[in-house]
Amino acid sequence: FVIAAIAIVILVTAFFYFSALNRQSQTTKPQTPQTSETKSQTTSQALQGYSGILLAGHASPFLEFNKADYEKALSEGKIIFLDFYANWCPICRAEEPILKAAFNELNSDQVIGFRVNYNDDQTDADEKALAKQFNITYQHTKVILKNGQEFSKSLEPWDQQKFDQGINKAIE
């Protein structure tokens, strides 16, 4: 009986000790080093008054979609590039570095881009409504808006040249 009681005391003590350690590790988050992505996210806070996460670009930002930023861009008369993106789509993932590089090279304060989650586990109600507004039926669809109106729409995969042509036409 004494051995069993000692064993129970040891087990209970160990349980509370490891529970306390676990709670402490959850409340004290380790400092993560700033990567270029986290620096970009921080930079977007002040970038032209937009609050979304900056994916690429400087003069022409490419942001993760949020309704407030989209409405701000519309009200400012920006040329808006919408990339309907699904995180499970291999074409979307292959295009992502191309689009980021294109926005990094683009030097026009008239253009802003948004990556809009489409039909994946990150899609929110605003993104669903936007997809419905533009009759999007397929991921990796690109839409360019000029003066708040649909200027062009493409279901094809894009490379740098196709991006440049589409944006330059809209800017003209």
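User: What are the ground rules for the model and its numbering?
Analyst: This is a predicted model, where local features need pLDDT of at least 70, side-chain atom pairs count only at pLDDT 80 or more, and totals for chains, interfaces and linings use all residues. Residues are numbered from 1 along each chain as its sequence is written, and side-chain values use heavy atoms, with hydrogens and water left out.

User: How many helices and strands are there, and what makes a run count as one?
Analyst: The protein has six helices and six strands. Both are DSSP runs, numbered from the N terminus: helices are H or I with at least four residues, strands are E with at least two. Along the sequence the pattern reads α-α-β-β-α-β-α-β-α-β-β-α.

User: Why is Thr141 called buried?
Analyst: Its relative accessibility is 0%. Buried means under 20% relative accessible area, exposed means over 50%, and partly exposed lies in between (1.4 Å probe, protein chains only). Thr141 is therefore buried. The residue sits in the loop between α5 and β5. Of the 172 residues of the protein, 37% count as buried.

User: What does Thr141 touch, and what makes a touch a contact?
Analyst: Contact means heavy atoms within 4.5 Å. Leaving out residues up to four places away in sequence, Thr141 touches Leu82, Asp83, Phe84, Ile136, Lys153, Ser154 and Leu155. Across the protein, take contacts between residues at least 6 apart in sequence: 58% of them join residues at least 24 apart.

User: What makes a set of residues a nonpolar core, and which residues touch the most other members of the largest one?
Analyst: A nonpolar core is a set of buried Ala, Val, Leu, Ile, Met, Phe, Trp, Tyr and Cys residues joined through side-chain atoms within 4.5 Å. The largest has 19 residues, and Tyr70, Ile80, Leu82, Phe84, Phe114, Leu130 and Phe134 touch the most other members. At least two core residues come from each of α3 (67-75), β3 (79-85), β4 (111-117), α5 (125-133) and β5 (142-146). Apart from it lies another core, of 15 residues, including Phe62, Leu99, Leu106 and Trp158.

User: Which residues is Phe114 in contact with?
Analyst: Setting aside neighbours within four places in sequence, the partners of Phe114 include Phe62, Tyr70, Ala73, Ile80 and Leu82. Asp69 and Asp83 are also among them.

User: Why is the pair Glu95 and Lys142 called a salt bridge, and what does the pair tie together?
Analyst: A salt bridge is a side-chain nitrogen of Lys or Arg within 4 Å of a carboxyl oxygen of Asp or Glu. The side chains of Glu95 and Lys142 meet at 3.0 Å, N to O. Glu95 lies in helix α4 and Lys142 in strand β5, so the pair ties together parts 47 residues apart in sequence. Glu95 is buried at 3% relative accessibility, and Lys142 is buried at 1%.

User: How many salt bridges does the structure hold?
Analyst: The structure holds six. One of them joins Lys72 and Glu76 at 2.5 Å, N to O. Lys72 is partly exposed at 24%, as is Glu76 at 38%.

User: Where do Glu96 and Lys100 lie?
Analyst: Both lie in helix α4, four residues apart, about one turn of the helix. Glu96 has 19% relative accessibility and so counts as buried. Salt bridges that share partners join Glu64, Glu96, Lys100 and Arg115 into one network.
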